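Please look through the structure below before reading on.

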Amino acid sequence: MRLVADNLTLLRGEDVVLHGLSFDVASGSALVITGENGTGKSTLLRGIAGLLPIEAGTVGLADKPEEFGEASLEELCHYLGPDNSMKGAMSVGENLAFWQDFAGQPFYEIEEALEMVGLGGLSSIPFSHLSTGMRRRASIARLLISYRPIWLLDEPTSGMDAVSQKQFADLMGAHLEDGGIVIAATHISLGLDNMQSLVLDGASLS
Ligand SMILES: Nc1ncnc2c1ncn2[C@@H]1O[C@H](COP(=O)(O)OP(=O)(O)OP(=O)(O)O)[C@@H](O)[C@H]1O
């Protein structure tokens, strides 16, 4: 399977943020998007996730395996935004149960996913009681509790310590080895081997 963007144009409000952007990312590989603040990294991820309209051009899947049936691109993507999209008053486990129900395709058990992100045994505490880096790790558990082949990640390691970043690099590596696709916007190296780079420099602004 390939995620293919062809000549994409995306707006924020009335302003053209990205124009004429193309890429082709195959299963098992990552596209790492870098660029200065405001160059459109988040905009691109939101466009792929179906959270912003595509003004011109296309983004879609080529060579989609039969196992994914009629699922749309959006239904095959996990979108991890810059905020964690969790309710502070609900427990970590309750938040993850909501997301598992929402995303479908149950994959790892919630407790198991929490172990995998270094939060084993913390399912019952309120999300608001977690530290900044722990909140990010709990959000990363969302990627593991429902199977979706495409991970769209906006500053995924923000607030995470070096050990957690390495753990997450290993999780991304395993996802790629399983034939997944990772598209990540970041200001730091994610430690991935099989990746292409897309540098947004604002040159497409008009
Ligand atoms: N909700 C919004 N409404 C209008 N314009 C927006 C909105 N969000 C972002 N923009 C504008 O879109 C442009 C691209 O923003 P975007 O958030 O995609 O950049 P970014 O590369 O992700 O930046 P950063 O590195 O700071 O996260 C900026 O000019 C920004 O001001």
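**Overall fold**

From the N terminus on, the elements of the chain follow the order β-β-β-α-β-β-α-α-α-β-α-β-β. Helices (H or I, at least four residues) and strands (E, at least two) are DSSP runs, numbered from the N terminus. The chain has 5 helices and 8 strands. Its radius of gyration is 17 Å, close to the 17 Å that the globule rule gives for 206 residues, so the chain is as compact as a globular protein of that length. The radius is taken over C-alpha atoms, and the globule rule is 2.2 Å times the number of residues to the power 0.38. The C-alpha trace spans about 50 × 40 × 30 Å along its principal axes.

This is a predicted model, in which local features need pLDDT of at least 70 and side-chain atom pairs count only at pLDDT 80 or more, while totals for chains, interfaces and linings use all residues. Residues are numbered from 1 along each chain as its sequence is written. The mean pLDDT of the chain (the predictor's confidence in each residue, from 0 to 100) is 94, and 98% of the residues reach 70 or more. The scores for the model are ipTM 0.96 and pTM 0.95.

Of the 206 residues, 35% count as buried. A residue is buried if 20 or more other C-beta atoms lie within 10 Å of its own, exposed if 12 or fewer, and partly exposed in between, with C-beta atoms placed from the backbone. Two residues are in contact if their C-beta atoms, placed from the backbone, lie within 7 Å. Among contacts in the chain with a separation of 6 or more, residues 24 or more positions apart account for 74%.

**The N-terminal hairpin**

Strand E1 (residues 2–12) and strand E2 (residues 15–26) run antiparallel and are joined by 8 bridges. Strands pair if DSSP finds at least two bridges between them. Leu 10 has Leu 18 in E2 as its bridge partner. E1 and E2 form a hairpin with 2 residues between them, and Gly 13 in the turn has a positive phi of about 60°. Asn 7, which lies in strand E1, also has a positive phi of about 60°, although it is not a glycine. Asn 7 counts as exposed because it has 12 C-beta neighbours inside 10 Å.

**Around the ligand**

Which residues surround the ligand? They are Arg 12, Gly 13, Val 17, Gly 35, Asn 37, Gly 38, Thr 39, Gly 40, Lys 41, Ser 42, Thr 43 and Ala 185, where a residue is near a molecule if its C-beta atom, placed from the backbone, lies within 6 Å of it. Helix H1 (residues 41–48) gives the largest share of this shell, 3 residues. The shell divides into 2 nonpolar, 8 polar and 2 charged residues. Here Ala, Val, Leu, Ile, Met, Phe, Trp, Tyr, Cys and Pro count as nonpolar, Asp, Glu, Lys and Arg as charged, and the others, Gly among them, as polar.

**Two loop residues**

Leu 52 is in the loop between H1 and strand E4 (56–62). Leaving out residues up to four places away in sequence, Leu 52 touches Leu 10, Thr 43, Arg 46 and Gly 47. The C-alpha atoms of Leu 52 and Thr 9, 43 residues apart along the chain, are separated by 11 Å. Leu 52 is partly exposed, with 17 other C-beta atoms within 10 Å.

Glu 155 lies in the loop between strand E6 (150–154) and helix H5 (162–177). Glu 155 has a positive phi of about 45° although it is not a glycine, and is partly exposed, with 18 other C-beta atoms within 10 Å.
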